[in-house]
Amino acid sequence: MLEQEARTRNYGCRVRRYSQNGVEMASLENNRIKLVIALGKGADIVEILHKEKDIDCMWHSFNELRPAGYPKTKAAEGGSFIDAYAGGWQELFPTYGAPTDYYGAQIGTHGEACIYPWECSVLEDSVRIVSVACTAEMMRSPFCLEKIFSLEIDSYGFSISQSVTNTGSLPLEFMWGHHPAFGFPFIEKGVTIELAGTPEVSVPQGTIGENCPFDRAVSGKWPLLTGKNGKPVDVSKVSGMQEKVYFECVAGGLVEGEYRIFNPQKNIGVHMNWDKEIFPYLWIWGMYGGYESAPWFGRAYTLAVEPWSSLPGDFKAAQETGQTLVIGAGERRETQVRFSYYSK
């Protein structure tokens, strides 16, 4: 009898469907954590709440989550990503980074998958496990995407089983990435990013800007790079909002497809792992109040650590360097990403 009451149960694992600010949402919840997905906008993960500590590690931007098609003063040249960006965790596909010409189709910043609404169906709904499948058809490229979110009882984490299907009649190149942005109260001064070994890390020239600790492109071994005036900069350490710092860097040659971000003051960390054959790079976005131009105006305090398939973050350039992924006509590509909280 209890198992038949799954739709309204308020204990164990559970699934909810609801609307927030006109956006269709779904939540998966157990006794440890709550995961919230914005189905109406990219199936973005917008909340991962650690119940015992009352900490949601996701960044919540100064912009509220809004429905697709929300009025704009003028269409942005780079597309809709920034207008629709409310923080959280996006899937980037079939391109990311700069707007691009994708086989003749114009695709904006960070691709298509993070802009469109996704369909959702419940696969399993029991006290022990909940699982939902989210699917979306791209509009300007011939792909169908699916991601299955699964959460088990007593777990501090969840899995995302993903697939890409080429519904076209030609083999195609593409880029694939994840864009999880972490924020306060999880992110604060003293938080560290932990990677296995000492992978190569570099700051591309195109990222050098205002309040950047680097004045030129530099490369070295994780986590120390040479900054302005020869001063060493530890890119694994988070700066405080009042320090007004902004930089981007990329790590490659990863020993493992995983990272940990740990807050020693609150004794809480996040652990992400993935297939590094598909996502061999980590793009790190250290936005510590230092970007004072549009669209941030010094308001953004966030750290994003993003598994990426390709470099650079420009489709044409990635094609030229042989850095894109390739999928044949009718083929399906699968992978899995896992997330969990931990304490020491």
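## How to read the model

Residues are numbered from 1 along each chain as its sequence is written. Because the model is predicted, local features need pLDDT of at least 70 and side-chain atom pairs count only at pLDDT 80 or more, while totals for chains, interfaces and linings use all residues; side-chain values use heavy atoms, with hydrogens and water left out.

## The largest pocket

Let's start with the largest pocket, which holds about 730 Å³ of space. Here a pocket is an open set of points on a 1 Å grid over the protein atoms alone, where a 1.4 Å probe fits, with protein on both sides within 12 Å along at least five of seven lines; lining residues have an atom within 4 Å of a point. Points are joined across faces, edges and corners, and the volume is the space filled by probe spheres set on them.

Which residues lie nearest its centre? They are Gly97, Ala98, Thr109, His110 and Glu248, out of 27 lining residues. β20 (245-252) is among the elements supplying at least two residues, and β20 gives the most, with three. Strands are DSSP runs of E, at least two residues, and helices are runs of H or I, at least four, numbered from the N terminus. The lining divides into 17 nonpolar, eight polar and two charged residues.

## The second largest pocket

Next comes a pocket with about 580 Å³ of space. Its lining has 31 residues, with Lys72, Gly79, Ser80, Phe81 and Ile115 nearest the centre. Two or more residues come from each of α1 and β8 (105-107), and α1 has the largest share, four residues.

Methods
Nonpolar A, V, L, I, M, F, W, Y, C, P; charged D, E, K, R; others polar.
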